[in-house]
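Here is a short briefing on one protein chain. Look over the sequence and the structure, then read the points below.

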Amino acid sequence: MLLYSRYILRTFFRFFGLSLAAFVGLYLLVEFFERIDDFIEYHASIGLSISYFVNKTPLIITQVAPLACLMSVFMTLGSFTRTGELTAMHAGGISLGRIAGPLLRTGLYLSLIILAANEFVVPSSVKRARHILATEVRGGPAVTYKRDKIWLRHKEQILNIRLASPKQQTLEGITLLTFNDQFRVTQRLDAAKATFTDNRWLCRQVVFRTFDPASGNLTSERNLAQKMVNLPVSPDDFKIPGSKRNEDLSISELRHLARKLRKEGYNATRFQVDMHARIAAPFACLVMAFLGIPFAIRKGRGTSLALGIAVSVGIGAIYFILHAALLAFGYSGAFPPVIAAWGANVLFLLFGCWLFLYGEET
């Protein structure tokens, strides 16, 4: 590696470490004030509280890394401009492309690292944090997610749900088994779909069977167009605290689940959008690194820490709002999943190209 490349990267990683620590710290502080009431109300131990925040940290790092990358590129080139080092590099025959090269490659490497973390680290840590808050702190029922199926045992009943959509307050592919004291099946209810209404579930296309507890033989079977049922769950039970996405599933699990649901005739749009979003989101680091270069050059000697923070937070807020809006269009089916997931990256990349080509120094 050339000497000037090592110097650029050393400066970049110094700013990146400080920026990442600051953004993660602020995020954890906000999360702390959001969850402190739960920990106090349910008398959670200090160790359990610390474990929750430790398991949330990998998700937080992947979410704020693009902001840290943008701020680090902005501050690195801004400091070179302010001290005259950028002018000296140009005078020595080093072009802007060669100066930006190490920063862009680093942005790409960070994107690949976050992509790997989204596949192997973040899902398990998010699942553990959710379990700590919902079960160990609040004492709620232990719901087991096994890829595409949800299993729950409540007293003398076992419930299996093929697909839960908490936002739409619907369930699909429902099987409810009722047992006696000897753990023999006495009733079985199967329903194609259920909608949450008046604190009960309105099940449709119902098949209701009863069994003889002694012999296990079928005693009756009824087919009903619809039936009100008291299932031991509500839509809130399927919401992940602090999350609106399938962050406890890996990319490969989301892809497998989307394909399987689509083959079986269920709506897999949300899982397809989330799968593409999990792939596209890490490359925001590369996009932000690219976008930070023309911003730093345009600001010249006026670059400062306060300006770097303001620019990073402002651009990051616009990016995440646009990304969330495009994902919402994807969930509704208005945009294809690929466009919904990658749209924000493409638009910001085009904006960066425009700044490079037509931006004038201010």
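Buried means under 20% relative accessible area, exposed means over 50%, and partly exposed lies in between (1.4 Å probe, protein chains only). This is a predicted model, in which local features need pLDDT of at least 70, side-chain atom pairs count only at pLDDT 80 or more, and totals for chains, interfaces and linings use all residues. Residues are numbered from 1 along each chain as its sequence is written, and side-chain values use heavy atoms, with hydrogens and water left out.

**Confidence**
- pLDDT is the predictor's confidence in each residue, from 0 to 100.
- The chain averages a pLDDT of 87, and 91% of the residues score at least 70.
- Residues 240–245 stay under 50. The model has 13 contacts for them beyond four places in sequence (contact: heavy atoms within 4.5 Å).

- Helices (H or I, at least four residues) and strands (E, at least two) are DSSP runs, numbered from the N terminus.
- Two strands pair if DSSP finds at least two bridges between them.
- Strand β4 covers residues 170–179, and ten of its ten residues are buried.
- β4 pairs with β3 (residues 157–165) in the antiparallel sense, over eight bridges. Here L163 stands opposite E172 in β4.
- Four residues sit between the strands in the β3 and β4 hairpin, where Q169 takes a positive phi near 55°.
- β4 also pairs with β5 (residues 185–197), again antiparallel, over nine bridges. F179 stands opposite V185 in β5.
- The hairpin of β4 and β5 has five residues between the strands, and F183 takes a positive phi near 60°.

**Helix α5**
- Helix α5 (residues 122–137) has 16 residues.
- Its buried residues include V122, V126, A129, I132 and L133.
- Just after α5, G139 takes a positive phi of about 75°.

**Aromatic pairs**
- Rings of Phe, Tyr and Trp (its six-membered ring) pair if their centres lie within 6.5 Å; planes under 30 degrees apart count as stacked, over 60 as edge-to-face and the rest as tilted.
- The whole structure holds 17 aromatic pairs.
- Y319 and F320 have ring centres 5.4 Å apart and planes at 80°, so this pair is edge-to-face.
- Y319 is buried at 2% relative accessible area, whereas F320 is partly exposed at 35%.
- Y319 also forms an edge-to-face pair with F348, at 5.3 Å centre to centre and 85° between the planes.
- Y319 lies in helix α9 (residues 305–332) and F348 in helix α10 (residues 337–358), so the pair ties together parts 29 residues apart in sequence.
- F348 counts as buried, at 8% relative accessibility.
- Ring pairs also link F32, F33, F39, Y52 and F53 into a cluster.

How values were computed: Expected span 1.5 Å × (residues − 1).
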